Amino acid sequence: MTMAKRSILYLDDEAMCLDVFQQVFSEEYDIRTALTLDEARRALSERPPDIIISDQTMPGLQGSDFLREAATACPLSIRVMLTGSVYAGEVLREISTGVINLFISKPWAETDMRRALERAMMPVTLRKLF
């Protein structure tokens, strides 16, 4: 009996980032990607993912706005902010409200992303220790 793979939805306006993520993690996770907010919303409505990753800075969209929306639509999903241009105040505010559970710098290294995904799958009580 095989266990179902954990699912990830990754929203990013850079197709190359989505492709690399898919190539690196598709054997371990069920990955759905979205280039646009509409695609991401559709994916959320079809099946709530275990982990939601969003880039912060996209044309006409802030990832934190999408993650806030995702927190309401899929409250049990772990939400991860990914950005190369960090606005510390905004990220800290969203972390303190529970909208963002984890933060990863962009460009990400495979080992850092792998560690963050493993942490995301931990129970909340353990996740806070790391």
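Author: The questions below concern a predicted model, and they pass from the overall fold to individual residues.

Reader: In what order do the elements of the chain run from the N terminus on?

Author: The secondary structure comes to six helices and seven strands. Of the 130 residues of the chain, 41% count as buried. Read from the N terminus, the order of the elements is β-α-β-α-β-β-β-α-β-α-β-α-α.

Reader: Are helices α2 and α3 roughly parallel or roughly antiparallel?

Author: Helix α2 covers residues 37-46 and helix α3 residues 63-73, and their axes lie 11 Å apart at an angle of about 15°. Angles under 35 degrees count as roughly parallel. The arrangement of α2 and α3 is therefore roughly parallel.

Reader: What is the handedness of the crossing of α2 and α3, and which classes of residue make up the contact?

Author: On the α2 side the residues are L37, A40, R41 and L44, and they meet F66, E69 and A70 of α3. By class, this contact has five nonpolar, no polar and two charged residues. As for handedness, α2 passes α3 in a crossing that is right-handed.

Reader: How many residues apart in sequence are the parts that the pair K106 and D12 ties together?

Author: K106 and D12 form a salt bridge, with 2.8 Å between the closest N and O atoms. K106 belongs to the loop between β7 (102-105) and α5 (110-120), whereas D12 belongs to the loop between β1 (6-11) and α1 (15-25). Both K106 and D12 are buried. Because the partners sit in these two loops, the parts tied together are separated in sequence by 94 residues.

Reader: Which residue is joined to K106 by a cis peptide bond?

Author: The residue in question lies in the loop between β7 and α5. The omega angle of the bond is about 5°. The partner of K106 in this cis peptide bond is P107.

Reader: By about how much of helix α3 are R68 and D65 separated?

Author: The side chains of R68 and D65 meet in a salt bridge, 2.9 Å from N to O. R68 is partly exposed at a relative accessible area of 34%, and D65 is likewise partly exposed at 37%. Because R68 and D65 are three residues apart in helix α3, their separation is about one helical turn.

Reader: What is the distance between the closest N and O atoms of R114 and E110?

Author: R114 and E110 both belong to helix α5 and are four residues apart, about one turn of the helix. E110 is partly exposed, with a relative accessible area of 40%. The two residues form a salt bridge in which the closest N and O atoms are separated by 2.6 Å.

Reader: Which residues do salt bridges that share partners join into one network?

Author: The structure holds nine salt bridges. Some of these share partners, and the one network that they join is made up of D12, E14, D55 and K106.

Reader: Where does E14 lie, and which residues does E14 contact beyond its neighbours within four places in sequence?

Author: E14 is placed in the loop between β1 and α1 and counts as partly exposed at 38% relative accessibility. The C-alpha atoms of E14 and L35 are separated by 7.0 Å, although the two residues are 21 apart along the chain. Leaving aside neighbours within four places in sequence, the residues in contact with E14 are L35 and K106.

Reader: Is S54 buried or exposed?

Author: S54 lies in strand β3, residues 51-55. Beyond residues up to four places away in sequence, S54 touches L11, G63, F66, L67, V80, M81 and L82. With a relative accessible area of 0%, S54 is buried.

Reader: How far apart in space are L67 and I100, C-alpha to C-alpha?

Author: L67 is placed in helix α3 and counts as buried at 0% relative accessibility. Apart from neighbours within four places in sequence, L67 is in contact with I52, S54, R79, V80, M81, V99 and I100. L67 and I100 are 33 residues apart in sequence, and their C-alpha separation in space is 7.0 Å.

Definitions and conventions:
Residues are numbered from 1 along each chain as its sequence is written. This is a predicted model: local features need pLDDT of at least 70, side-chain atom pairs count only at pLDDT 80 or more; totals for chains, interfaces and linings use all residues. Side-chain values use heavy atoms; hydrogens and water are left out. Axes are lines fitted to C-alpha atoms, for helices over the stretch in contact, and angles run from 0 to 180 degrees between N-to-C directions. Angles under 35 degrees count as roughly parallel, over 145 as roughly antiparallel, 65 to 115 as roughly perpendicular and the rest as oblique. A crossing is left-handed if the near helix is turned anticlockwise from the far one by less than a right angle, and right-handed if clockwise. Contact means heavy atoms within 4.5 Å. Ala, Val, Leu, Ile, Met, Phe, Trp, Tyr, Cys and Pro count as nonpolar, Asp, Glu, Lys and Arg as charged, and the others, Gly among them, as polar. A salt bridge is a side-chain nitrogen of Lys or Arg within 4 Å of a carboxyl oxygen of Asp or Glu. Buried means under 20% relative accessible area, exposed over 50%, partly exposed in between (1.4 Å probe, protein chains only).
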